Amino acid sequence: MSNILFIGLSLSSILLLIALGLSITYGAMGVINMAHGELVMIGAYTAVLSGLYLNLNLFLALPLAFLVSAGVGLAVERVIIRRLYGRIIDTLLATWGVAILLQQLIRLEFGLSFFNIHVDGLGPGFQSFPIPAFLSENFDIFGFTVQPYRSFIIVLTIALTFLTWFLMYRTSLGTQVRAIMRNPQMAAACGIDVNRISAWTFAYGSGLAGVAGVLLAGFKAVIPDMGESVVVDGFLVVVVGGVGSLFGTLLSAAVLGQINGVFAILTNDIVARAIVFGVVIFLILLRPNGLFGFKSR
Amino acid sequence: MLDVKNLNSFYGRSKAIQDLSIKVLDGAVFAVLGRNGVGKTTLLRTILGLTDKCEGSIKLNGTEITDKPTFERARAGVAYVPQGRMIIPDFSIKDNILMGGFASSKGRRIPDLVAELFPYLMENLERPGGVLSGGQQQQLAIARALASDPKLLLMDEPTEGIQPNIVEQIEECITRLNRELKLTIVLVEQNVDFARKAASHFAMIENGTCKVDGKIEALTAKIVSQYMTI
Amino acid sequence: MKNRRQFLKESSALGAASFLAPSIYAGTAAGASELEVGVLFSLSGGLAMIEKSLSDATLMAIEEINAAGGVNGMMIKPILEDGASDPKTYNEKASKLVIRDRVPTVFGSYTSASRKAVLPVFEKRNNMYFYPTYYEGYECSKNVVYTGAVPNQQLSNFIPWIFKNLNKKKFFIVGSNYVYPREMAKVCKILIEQNGGETVGDEYLELGHSEWGAMVSKIKNSGCDVVLSNVVGGSVISFYREWKNQGMTHDKLPICASVTSELEVAAMGAEFAVGSYASFPYFQAINTDANNSFVERYRKFVNDPNAPTHHALESSYFQVYLWKQAVEKAGEATPDAIREGIKGQVFDAPNGRVTVDPDNLHTYLTPRICQYKDDGQGTIVDEYSEPLQPLPYSAYGETANDMYCKESGLDTSKL
Amino acid sequence: MVENRSLGQKLDWAVYITFFVVVLCLPLLTDDVFWLNRISKFLVFGLLGLAIALSWGYAGVLNLGQGLFFGLGAYMFAMSLKLKSTTSLQQGSDKPVPDFMVWNAEPGSPTELCCIVPGSWLWLPFQSQTFGMIMAIVLPIVVAFVVGSAIFRLRVSGVYVAIITLALVLLVRLLIIDAQPITNGFNGLTDLGWLELFGIEFDPYMYETYYLVAVSCCLIMLAARWLVSTRAGLILQSTRDDANRSRYLGYDVAAYQIFFFVVSAAIAGFAGMLYVVAAEFASPTFLDISFSISMVVWAAVGGRSSLIGAVIGAVLINSIEASVSETEIFKEAWKLIIGVIFIFVVLLLPRGIAGVARDFARWLEDKHLLSTSKRG
């Protein structure tokens, strides 16, 4: 039983990890960022490349990937997103283009292959990202087998969620973000630099995607299109949880992850996934504002 | 204080303000009057830079602010009490007031005057803004504007949809702000009686442009009937 | 009843197919110095990571042949197209190559789905397709030459070997949810039964699935003593990583795989595959001069000193040579001539001698089993002394003496 | 004002007529059957763009799962064409069954369509091509009606409709792939027979097929245009702008939304059927998210609230994709270029090609009015 719960918990933590960044960029800023998955991918590649060239391990790769993805996110916000605030579907379409662009850039090794320069670790092939040995060896505590890598992901996800909560609800920056989220014009009229704060917020959400990328690289193939499949799951979690509600996102990730885990064990993964989609559709039909959404949007 | 010249302002393709010029003197309470939809609210929003595009000149204390972003105008001392109040319902009263503080050079704090003017708000600082009545929300919106330590206060129909007894309080409040804090106030109004009591100057707007302006004493019944009756 | 194929040919000859009259194939006109062929793999999308290497191997073979003087004195000119990992695009590009560019042959495809999407184009327009990937069998087309392994070439050595050498009897079969793994599972079950073993589980996961927690836990609790994996693509990496993550080791409960090639092992990190087994006709570890030279040439060709080579890649390479020999034998490069020419064609490929079966147009390959080491390479632990005949219908009782897919066509009454 | 509008309308009609003439005369200009087939596939995609424009541009309902209806239509029709194909059927029994069923069946199963694998009886009625054709439109309609009723009666709107349709298409895709014994799973339905109508066999690379697609496309465009100009269409557009106001005015807003959602689904289903005729296969990748989003992009590029704009957008984008991906120097970078085009269109042409055309028309009108007023 504890085994099943642990599987559910680890599924939840992955979902939350991906949804956390989205709950910022979508929830707070009304941007459907289809390139979120590609920011995850960039985080994963940062981990691979920093391991190859800088000899960084997982722990050092985390902050680096955060910075790199945040940087890319910032650039995307400055060049594209900021012209599209308030046009939610247009953000979806434009970032869809960004997603294609980023994927193809990685595949083309930043265009270097045109000049016959090859960057080892980039390009179309699979990449391998090593995880530290002590995170891959199981050990027993009180008869319960601890899977250190999964546990590490769970702990880090909880820490990141707490950090995000703290930033959003306990800092002046967070107040400004939440004010912009509710009413950008009034926020501006109150002296909040909406452009700058939005850019930083977007960068923060993107950075979280980068961190997710490093952790995913620990158990997933690192390939240019690894982000495609995660972004939809992320959106489902955020919408079910309620746009703009961090607690809702947390709860929805927990619930959907557990449903997935329990049914995967009882039946199989395909049925479990189908049930998760069914639950998502049902929940949105019944509560379009999500489990904890506020109504103003 | 505020000098608006040859202002044109747009929502998308449509022009809402046409070649409008007004001058608001330091310390004045300036009433902007006119029928529904003539561009009164748009004028306030244009002063704050909240419309899509504007041409012409807006000077605040002699400084050109036409091309500045909204938040800089707010930090330069323009505060806004919008139509519908725009209180953030799930922020506490305290957070709502402190929001204004982002524009203040003195840091984010609740001004003493707020405590004096609105004791009810001070007693309920932790309650969410959404539960307040219309009049209380209006007070909250004013408190928020005051928290930004403003020089110029833009108020959009502060008496709209509010019980008569509270209207008096708000009128008194405006007068005190004007006298004690030396605040210049631009007041958009439909209620001519209220404007006559509270304002020192007026401008009559039609079709996005200023038709008549001057001291409030010059607001004759004829002008009112010409531009405001339907 | 009038034979349908006949009818199709006649009716299309009236209209569109007049463009396809043999005389217009490039290179068949007298004095031409170029021979165009299609090369159709995904250069973008999710499968590009694998298919790019197949495309490269094909181009490398073409370059080598051209450098050695071409085919009958003609240079091969590849027309490269991008299938974009999408059957719709595959179908469209195939019809471009066949109908517009009028090439007599296309080399291409990695997945069964993309092969199935292009097949109608080749069959109805009577063109030739060379398919390099191991696949599920059950196909008897006169328009495809299959140079990858079919189930009997991967499994009929593997399962008995597991019984005999690993002494395992209880199998858990796991695969991605599509045709190939399901068909492989079917052949496995037959072989397991024949050897007196037991199948304790048979489960499938979505293609590209990366969350293996539940499945590995299920396998752990199933009571099996060996896992047979037909998982493909990126899922393989998640699978092996989760395997170790849940404390499983290949010395106690080994994964024996039909798809885990050097490519996937390099991607997951060698430490996750150490001790696991795989069955393919080709491994990079084959220690012959021919193969070592091939690996070296390929790495030079793609400008990557660590590039792994694998079974489908090797087939992509040698099938171009088979094709060249077929054109030379036939003397002209039309689909019909190539089909006749390819029958019984023999070539010394990096994996050893390969022969195209004249009946079913599949290829004789040498089954091998390897155990992966900590450097990502395999140690070949078992190897047939000679190539094994391809039997695409082995799951339905096809044997070397009783072939279902003959030169005359498929004998459906036997199914 | 009256004159003003009539000029705009004239221009609008001119665009339609030009489009029809070009589409219908294309075979006279070229004998490249490959390109004709390709254009016919693109025209099918044009219908998908039109379906999106109808629900998104006119009803304000963004369906991110239009691929569901396209896929259902394609599968329904492909099932009956599969049973017409003599090359891919299991011969030797009274009721030949598709080849893949034999292979997914337990050894020793009866080779009859009714019962070779569980659920294969579903295929029985598809022995009639007409049934497949009808189902290709009816099934999308039924599904759209059920889904649309749930969505719009519960007053779900905006992005949430998009998310629901997205989850739905993923769910159905998963189920189709999982039901391999009767759907052939990930490989889809391939090796189909040709459509036969009035004694004509539609070889996808023959003029007949091109005309079948082109004429269907033109007729549907006309019908859709007529539909949006009816009272129902006008009410719907006012609903898009302000659903509550329409509700107060006493209109059953949900009913109009459901109706247009269903019409859009029917068009997508029909497009799926035509695609099967032109491309000779049906695949679960028709239900990929990326394909559904592509449809929205086509409509956005063409102009989301212009029916013909969406059709032209689809044809244009697909032609660019095809040409760029077949240009030597862009072979590996073509997706990059497509990505850049998407971004630029959204940023610079928010109303798409149709928006540019309308601005141009307005400019012409202004000039026209100016010159007439001068004369006056």
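## Cavity lining and surface patch

The residues A:Ile32, A:Met34, A:Leu92, A:Val231, A:Val232, A:Phe235, D:Leu64, D:Val159, D:Ala162, D:Ile163 and D:Leu166 line the second largest cavity. Two elements give two or more residues to this lining, and they are listed below with their residue ranges.

| Element | Chain | Residue range |
|---|---|---|
| Helix H9 | chain A | 228-241 |
| Helix H6 | chain D | 159-178 |

This is a predicted model, in which local features need pLDDT of at least 70 and side-chain atom pairs count only at pLDDT 80 or more, while totals for chains, interfaces and linings use all residues. Residues are numbered from 1 along each chain as its sequence is written, chains are lettered from A in the order in which they are written, and side-chain values use heavy atoms, without hydrogens and water.

A cavity is a set of points on a 1 Å grid over the protein atoms alone where a 1.4 Å probe fits but cannot get out; lining residues have an atom within 4 Å of a point. The count comes to 12 cavities of 30 Å³ or more. H6(D) gives the most to its lining, with four residues. The lining comprises 11 nonpolar residues, no polar and no charged ones.

On the surface, D:Trp13, D:Ile17, D:Val21, D:Val215, D:Leu219 and D:Leu222 form a nonpolar patch with about 510 Å² of accessible area together (residues with over 30% relative accessible area and no salt bridge, nonpolar side chains being joined within 5 Å; a salt bridge is a side-chain nitrogen of Lys or Arg within 4 Å of a carboxyl oxygen of Asp or Glu). Helix H1 (2-29) and helix H8 (207-229) of chain D each supply at least two of the patch residues. D:Trp13 lies in helix H1 of chain D. D:Trp13 counts as partly exposed because its relative accessibility is 37%, between the limits of under 20% for buried and over 50% for exposed.

Key: Patch = residues over 30% accessible without salt bridge, like charges linked within 9 Å, V, L, I, M, F, W, Y side chains within 5 Å. Areas by Shrake-Rupley, 256 points an atom, 1.4 Å probe, with all protein chains shown as cover. Buried < 20%, exposed > 50% of the residue type's maximum accessible area, 1.4 Å probe, protein only. 1 Å grid on protein atoms, 1.4 Å probe; cavity = no way out; pocket = protein on both sides within 12 Å on 5 of 7 lines; lining within 4 Å. Points joined across faces, edges and corners; volume = space filled by probe spheres on them. Nonpolar A, V, L, I, M, F, W, Y, C, P; charged D, E, K, R; others polar.
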